[in-house]
2 protein chains.
Amino acid sequence: MCSYRKGTERLRYLSYWKAEAMVTKGEEFQSSQDALLSENELKYIQEQIGGSFDWPTLTDVGGRYSEEEKFKVAIPPSPTSSLPSAEEWDGPYDFQLLVNTMNANKKTWLHSSSLNKIFIDVNKSIPLQFKINCPDDGEAFFIRALPVYTISQHMTYPVNRCPLHLKEDESKGLASQNHVVRCEDFRALYECDEESKRYSVVTPLGCPQPGSDVVTLMYSFACKSSCCGGMNRRPVMVIFTLEKDNLVVGRKTMNFRVCSCPKRDKEKEEKSALEEKLQNNPGKKPMEAQNQKESSMNCIQGAAHYREILRYLIMLKNAEYLETGSQEALSAKEEYEGLCLNGGRATFDPQYIKLVLMRYYYHDMRYIIYKCDFENLILKIL
Amino acid sequence: MCSYRKGTERLRYLSYWKAEAMVTKGEEFQSSQDALLSENELKYIQEQIGGSFDWPTLTDVGGRYSEEEKFKVAIPPSPTSSLPSAEEWDGPYDFQLLVNTMNANKKTWLHSSSLNKIFIDVNKSIPLQFKINCPDDGEAFFIRALPVYTISQHMTYPVNRCPLHLKEDESKGLASQNHVVRCEDFRALYECDEESKRYSVVTPLGCPQPGSDVVTLMYSFACKSSCCGGMNRRPVMVIFTLEKDNLVVGRKTMNFRVCSCPKRDKEKEEKSALEEKLQNNPGKKPMEAQNQKESSMNCIQGAAHYREILRYLIMLKNAEYLETGSQEALSAKEEYEGLCLNGGRATFDPQYIKLVLMRYYYHDMRYIIYKCDFENLILKIL
DNA sequence: AAACATGTTT
DNA sequence: AAACATGTTT
Ligand SMILES: [Zn+2]
Ligand SMILES: [Zn+2]
């Protein structure tokens, strides 16, 4: 893991430093805010890295230890969290994603390298090639494919199938039922993140065929980008994470458009991207899907989780009030305190709540691990 | 009831004549074919009326009489059967449907008299006016609104809501949940025909406001004509039946298009209808929705019902074979006999099965009434 | 209301 | 592939 960039390493160190200090002192965290970095610490870290970063994924290993041995610990979002990282990262194994354009089936899919985008028919498969620098160890690696909306306003919502296509597939009772992204490999595992409600498919990478240094996996999409009540015309990308021992060790992304006329739509998007580039004319952006019916309720899943976010907002608003004396901040704080008490929900501006969630998830504390796992983790990282 | 047209009266007489003869002889029908008119009788009747006709609606009055008193009797399709009549009929009460164009809310709905069609936004209400020649007796009458696909290929399928809009409304748990056509009257009753699976809404007509001779009811549509997995771009009409004592005593129809741009679409349809008329150019018909996913399974609901239709087909094919010696008819007959035995289903050509169903429902026998009800009925009709 | 987006029919 | 149909965005 010597290829971690400097900023990322420093951030990891800083966050764990705070958590470790508390664990060392034998304190059990009372809430997710106990181990939060201060505003100044956050500011400093953001300057250092200027982007998203990676944490190792830890899951509850339930039942191995007694209750007394449990610790609440600062654990980062998993690759399927509400706001997963979409930063390209070759990682220690020089992870690469390749699209062999020779294979392009002009009828069913096309790749635009200028847009880093694949245009594909619904339910048609596309071969994607994955490469690492130790192909013979392929059986130890997994490829996770996770669809995510690319426009910031929708990014925190999971990508779900539309009611119509879901209904058509319900009777089949397949594990892939709720998944837009499918991998046509018999070892593919269809996962749902209970926290974020995101669906992803995880496939063992395996070793290349003799004479080849890449592994080819077939992917398909079970809904169109335009499906009403599903992606509803919102552009999506797929985040492909390379995973080993439950850690993310590489990441690649690809934009996708699942549509009826891949050729027409690719040409149109390329043309308008070119025009915008030539004229440097930001006034003629492509239309953006609006009026989505994902209730802002769904934006924050679960009553307990929602309360946690509210408490975080109360803290932020209180800090703002103490610092600036803003009456608006004070009344917002009081409103949130009321909601906390009576279990109500506020209607947040999506852009605002997105920023709040971004900050909140930087300090995600919602996982429980066991003391020895935590100690091993600290040893690995420091 | 003296205003029944001659052809209808004669047909009614003929069909009941056959049923009455059997009842008189004390025979209990063994199957729905026992009281069928012969091919020649049918031919004669069709020449006489050249269209659809009305029967009184009778329902099972269950439990009033002992089992021995029950009779199976030839009863016509109800107004919500699989192939309901769509013939305009003023009836004995001079039933009229009026659209007051003065009320037209240019933003949400428009009426085209040349097309007998209303173009309307989804979930927006339109006032429709109903008139009878005895408005003071209005409380004894009901208006039933039943949506039906206008293109013959889809006519026998019930009009259902799409999965998306259904899902949005499911949590509300309203009686109107599955209904595309809504009546905004607190006395409106939402019915589902268990046999045909058609949804209709029945509203008491009531008496006109003082000084008026019409009753106004507000209707709205909870899905668009274009809804995927629902009407799916197939044109629909609404059949408004005037009902009294469970009998249909008048019928009016109106075409509807539930869409996002009523004005644009009305102008376009009127223009293309005019062009077609002027040029008498049948080559440039508007596009027809195709590729519907309603399984032909759904076309005939229920295993027992399906078996009945199969037996009817066997009879038809056998008659055809005996008359013409057609080997094709013979092998079709044998195929259907096999399906009857093993409970299988054939894949019928939709156009063909539509014609078969049409003939079958002309002789609908699936209702049970009691002897005295039957005798009263005969007395009324003869 | 005009322009656009995007699935379907021809 | 071109023309059309029809919901959305500007
Ligand atoms: Zn879909
Ligand atoms: Zn709908």
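**Zinc sites, sheets and DNA contacts in a predicted model**

Along the chain, the donors of the zinc ion (ligand 1) are spaced C-x2-H-x57-C-x3-C. The model is predicted: local features need pLDDT of at least 70, side-chain atom pairs count only at pLDDT 80 or more, and totals for chains, interfaces and linings use all residues. Residues are numbered from 1 along each chain as its sequence is written, chains are lettered from A and ligands numbered from 1 in the order in which they are written, and side-chain values use heavy atoms, with hydrogens and water left out.

**Zinc ion (ligand 1), chain A**

- Cys162(A) (SG), His165(A) (ND1), Cys223(A) (SG) and Cys227(A) (SG) coordinate the zinc ion (ligand 1) at 1.9 to 2.3 Å. Donors are N, O and S atoms within 2.8 Å of the metal (3.2 Å for Na, K and Ca); water is not among the atoms, so sites may look incomplete.
- The arrangement around the zinc ion (ligand 1) is tetrahedral because its four donor atoms subtend angles of 101 to 118°. Four donors count as tetrahedral if all angles lie between 85 and 135 degrees.
- Ideal angles for four tetrahedral donors are 109.5 degrees.
- Cys223(A) is buried at 0% relative accessibility, and Cys227(A) is buried at 7%. Buried means under 20% relative accessible area, exposed over 50%, and partly exposed in between (1.4 Å probe, protein chains only).

**Zinc ion (ligand 2), chain B**

- The protein donors of the zinc ion (ligand 2) are Cys162(B) (SG), His165(B) (ND1), Cys223(B) (SG) and Cys227(B) (SG), which lie 1.9 to 2.3 Å from the ion.
- The site of the zinc ion (ligand 2) is tetrahedral, with angles of 102 to 118° among its four donor atoms.
- The donor residues of the zinc ion (ligand 2) have the sequence spacing C-x2-H-x57-C-x3-C.
- His165(B) belongs to helix α3 (residues 163–170) of chain B and Cys227(B) to the loop between β10 (215–221) and β11 (236–244) of chain B, so this pair ties together parts 62 residues apart in sequence. Helices (H or I, at least four residues) and strands (E, at least two) are DSSP runs, numbered from the N terminus.
- His165(B) is buried, with a relative accessible area of 17%, and Cys227(B) is buried at 7% relative accessibility.

**Sheet of chain A**

- An open sheet of four strands in chain A has the order β2-β5-β10-β7, with antiparallel pairing. Two strands pair if DSSP finds at least two bridges between them.
- At the edges of the chain A sheet are β2 (96–98) and β7 (181–183), each pairing on one side only.
- Strands β5 (residues 126–131) and β10 (residues 215–221) of chain A pair antiparallel over five bridges, and Pro127(A) stands opposite Met218(A) in β10(A).

**Sheet of chain B**

- In chain B, four strands form an open sheet in the order β2-β5-β10-β7, again paired antiparallel.
- β2 (96–98) and β7 (181–183) of chain B are the edge strands with a single partner strand each, so one side of each has no neighbour in the sheet.
- Three bridges connect the antiparallel strands β7(B) and β10(B); Cys183(B) stands opposite Tyr219(B) in β10(B).

**DNA strand C**

- Around DNA strand C there are 17 residues, of which Ser226(A), Arg257(A), Arg264(A), Arg233(B) and Gln290(B) come nearest. A residue is near a strand if one of its heavy atoms lies within 4 Å of it.
- Sugar or phosphate accounts for 77% of the atoms of DNA strand C within 4 Å of the protein, and bases for the rest.
- An N or O atom in the side chain of Arg257(A) is 2.9 Å from a phosphate oxygen of DNA strand C.
- A backbone N or O atom of Ser260(A) is 3.1 Å from a phosphate oxygen of DNA strand C.
- A polar side-chain atom of Arg264(A) is 2.8 Å from a base oxygen of DNA strand C.

Conventions: Tetrahedral: all angles 85-135°; square planar, octahedral: opposite > 155°, others 65-115°. Polar contact = N/O pair within 3.5 Å; in protein donor to acceptor, adjacent residues only side chain to side chain.
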